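Student: Put the model up, please. I have a few things to go through.

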Amino acid sequence: MQPGEIAWRVSNLVRDKIDRVLLSRRQRTLAPLPGKRAGLPSDDPTLTSLLPLIPDADGRTALHSEWRTTLIAEADEILQHRIQLIGSRRVDVGMPIRWNHEYNKNAATPTTYAGDIDYRDYDATGDCKWVWELNRHHHLVVLGRAFRATGNIVYAQEVVD
């Protein structure tokens, strides 16, 4: 290795150790909030989309009906925790969602500190792209759009949950 690469690798190791210490300190200081869980109360009729939908000349919502139908169908699948990953088949990600599961290999991945996980070790982690893809949260955009298009609070509640 060249001296520059050695310095880069050492600095990454030091950064990871510092992050691990800071994370463990922060986790000890976090306490649950008193009272009801955080989130949107589903029974509150005042919670609707913050931006009103724009009516067209006939007073109907100006959303293309085919697009809206496709959007709602996709959002309803997400509500059932069936999410399309990596442009392939729809995957049941579980309830609650198993964020550290590699769905192609159908195996759990390590839940240790991220800097300690060798994502290149297929036996330990499977294909890391499957875990990463779910954790990019693209499905939240669909739920947000469905809430915006319908005003139905269940889509917003799923984002919070």
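Student: What volume does the second largest pocket have?
Tutor: About 250 Å³. A pocket here is an open set of points on a 1 Å grid over the protein atoms alone, where a 1.4 Å probe fits, with protein on both sides within 12 Å along at least five of seven lines; lining residues have an atom within 4 Å of a point. Grid points are joined across faces, edges and corners, and the volume is the space filled by probe spheres set on the points.

Student: How far do I trust the side chains, and what is the numbering?
Tutor: The model is predicted, so local features need pLDDT of at least 70 and side-chain atom pairs count only at pLDDT 80 or more, while totals for chains, interfaces and linings use all residues. Residues are numbered from 1 along each chain as its sequence is written, and side-chain values use heavy atoms, with hydrogens and water left out.

Student: Which residues line the second largest pocket?
Tutor: Asn-100, Thr-109, Pro-110, Thr-111, Thr-112, Ala-114, Ile-117, Tyr-119, Thr-125, Cys-128, Val-131 and Trp-132. Helix 4 (residues 128–134) gives the most, with three residues. Helices (H or I, at least four residues) and strands (E, at least two) are DSSP runs, numbered from the N terminus.

Student: How many nonpolar, polar and charged in that lining?
Tutor: Seven nonpolar, five polar and no charged residues. The classes are Ala, Val, Leu, Ile, Met, Phe, Trp, Tyr, Cys and Pro as nonpolar, Asp, Glu, Lys and Arg as charged, and the others, Gly among them, as polar.

Student: And the largest pocket, what is its volume and what lines it?
Tutor: Its volume is about 360 Å³. Its lining includes Trp-8, Arg-9, Arg-15, Asp-16, Asp-118 and Arg-120. By class the lining divides into five nonpolar, two polar and five charged.

Student: Back up a step. How many helices and strands are there, and in what order do the elements run?
Tutor: Six helices and four strands. From the N terminus on they run α-α-β-β-β-β-α-α-α-α. Of the 161 residues, 23% count as buried; buried means under 20% relative accessible area, exposed over 50%, and partly exposed in between, with a 1.4 Å probe and protein chains only.

Student: Which residues are buried in helix 2?
Tutor: Leu-71, Ile-72, Ala-75, Ile-78 and Leu-79. The face turned away carries the exposed residues Glu-66, Thr-69 and Thr-70.

Student: Why would a spacing like that give a face?
Tutor: An α-helix has 3.6 residues a turn, so residues three or four places apart point the same way.

Student: What covers that buried side of helix 2?
Tutor: The cover includes strand 1 (82–84), helix 5 (138–150) and helix 6 (153–160), with contact taken as heavy atoms within 4.5 Å.

Student: Which residue just after helix 2 has a positive phi?
Tutor: His-81, at about 60°. His-81 sits in the loop between helix 2 and strand 1 and counts as buried at 8% relative accessibility. Asn-106 also has a positive phi of about 60° without being a glycine, but Asn-106 counts as exposed, at 56%.

Student: Last one: Tyr-103, buried or exposed?
Tutor: Buried, at 6% relative accessibility. Tyr-103 is in the loop between strand 3 (101–102) and strand 4 (107–108). Beyond neighbours within four places in sequence, its contacts include Leu-85, Arg-89, Trp-130 and Leu-134.
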